[in-house]
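This briefing is for a reader who is new to the structure shown below.

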Amino acid sequence: MNFLLAAVGVLGVASSGPLIAATLGATSVSALAIAFWRNAIGAVVMAGPVVVRNPRQFGKVTGAEFRWSLAAAVALALHFACFITSLQLTSVAAATALVCLQSGWIAIFQLFRGVRLRWPVLVGLGLAFGGVVTITGFDMGSSPEALVGDLLAVAGGALAGIYTLAGGKARQSMSTGVYTTLCYGMCAAVVAVMALVARQPLGGFEAAGWLGILAITVCAQLVGHSAFNHLLATMSPLLVSMIILLEIPGAALLAAAFLDETLPAGTYVGLAMILVGLAVVVLGQRGSRSARRAAEGAGEERLAELGTD
């Protein structure tokens, strides 16, 4: 049953990039509208159980918890803006692989914070970011637009890492329902302001556009990430982290099958390098002392991590 749920989760998160690209390409829906509605709907859905069971939990949020949640929400809003826009400029496969570097960015942020990383983690980081150079090198030769999309996806991955770390701080003392409601809600508010400044509409779309937004929210946000959040309670966090990496080849296969996306052979080499490198990073962190010291908050950080793409 767990592996069936894992398969559903992979299919859900892997469908995010292709669904977003298809919706942006075939309808009048804007990038920020997708980010706004998936977070707004996600906040409402996550608030439901809390409101029914114990609505007073919202009134118990401390100042520190609110500030960390706000930091996570801002990072998440900027992440969505970068990632969804990148899907208009570069391939789905490249954008998905580059944005999935968030676990690599987290390791780098830990390195700058003085955390000592084991040599396999450093090797994995080198391999993953070597894949970035490979992909961007081929895209640089194809079009400047694709290169800009690649850079936006890389920035989106870094912002997802910041979101995860800030969310992990907030989640040390907050329940999943309260945190996700607060974070997704504030993220939607930040995106709404961004849309106002950028003059991107949040409504008035055709039926196909609303259907696309609903499909993205249900498949990626509610089905995909909910499946992995459930698996964290029944499977090893390490195994769940490894399974999530299947989003990279999954998105590439879905884009090839449904969007007729074809890439240069060198780009596939870069995708493979990122996938293998991130797998080494995840496995390498298992035995490090820093990972053990972070064990108390690690599960909570992963819960935050599962709410991005």
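This is a predicted model: local features need pLDDT of at least 70, side-chain atom pairs count only at pLDDT 80 or more; totals for chains, interfaces and linings use all residues.

Residues are numbered from 1 along each chain as its sequence is written, and side-chain values use heavy atoms, with hydrogens and water left out.

**Helix α6**

- Helices are DSSP runs of H or I with at least four residues, numbered from the N terminus.
- Helix α6 spans residues 102-112 and is mostly covered, with eight of its 11 residues buried.
- Buried means under 20% relative accessible area, exposed means over 50%, and partly exposed lies in between (1.4 Å probe, protein chains only).
- The buried residues of α6 are Q102, S103, G104, W105, I106, A107, I108 and Q110.

**Packing of α3 with α10**

- Helix α3 (residues 31-53) packs with helix α10 (residues 207-231) at an angle of about 50°, and their axes are 9 Å apart.
- Axes here are lines fitted to C-alpha atoms, for helices over the stretch in contact, and angles run from 0 to 180 degrees between N-to-C directions.
- α3 and α10 are therefore oblique to each other; angles under 35 degrees count as roughly parallel, over 145 as roughly antiparallel, 65 to 115 as roughly perpendicular and the rest as oblique.
- The crossing of α3 and α10 is right-handed, meaning that the near helix is turned clockwise from the far one by less than a right angle.
- On the α3 side the contact (heavy atoms within 4.5 Å) is made by I34, W37, R38, N39, I41 and V45, and on the α10 side by W210, I213, I216, T217, A220, Q221, L222 and H225.
- By class, this contact of α3 with α10 has nine nonpolar, four polar and one charged residues.
- Ala, Val, Leu, Ile, Met, Phe, Trp, Tyr, Cys and Pro count as nonpolar, Asp, Glu, Lys and Arg as charged, and the others, Gly among them, as polar.

**Packing of α3 with α4**

- α3 also packs with helix α4 (residues 63-86), at an angle of about 135° and with axes 9 Å apart.
- This pair, α3 and α4, is therefore oblique, and the crossing is right-handed.
- From α3, the residues A31, L32, I34, A35, R38 and N39 meet L76, F80, A81, I84 and T85 of α4.
- The contact of α3 with α4 has eight nonpolar, two polar and one charged residues.

**Cysteines**

- A search of the whole structure finds zero disulfides, a disulfide being a pair of cysteine sulfur atoms within 2.5 Å.
- The sulfur of C82 is too far for a bond, because the closest cysteine sulfur, in C187, is 12 Å away.
- C100 is in no disulfide, and the nearest cysteine sulfur, that of C82, is 15 Å away.
- C82 counts as buried at 15% relative accessibility, and C100 is buried with a relative accessible area of 11%.

**Two further residues**

- G250 is in helix α12 (residues 247-258) and counts as buried at 15% relative accessibility.
- The C-alpha atoms of G250 and T96 are separated by 9.6 Å, although the two residues are 154 residues apart along the chain.
- T267 lies in helix α13 (residues 265-284) and is buried, with a relative accessible area of 1%.
- Leaving aside neighbours within four places in sequence, T267 is in contact with I135 and F138.

Key
Helices (H or I, at least four residues) and strands (E, at least two) are DSSP runs, numbered from the N terminus.
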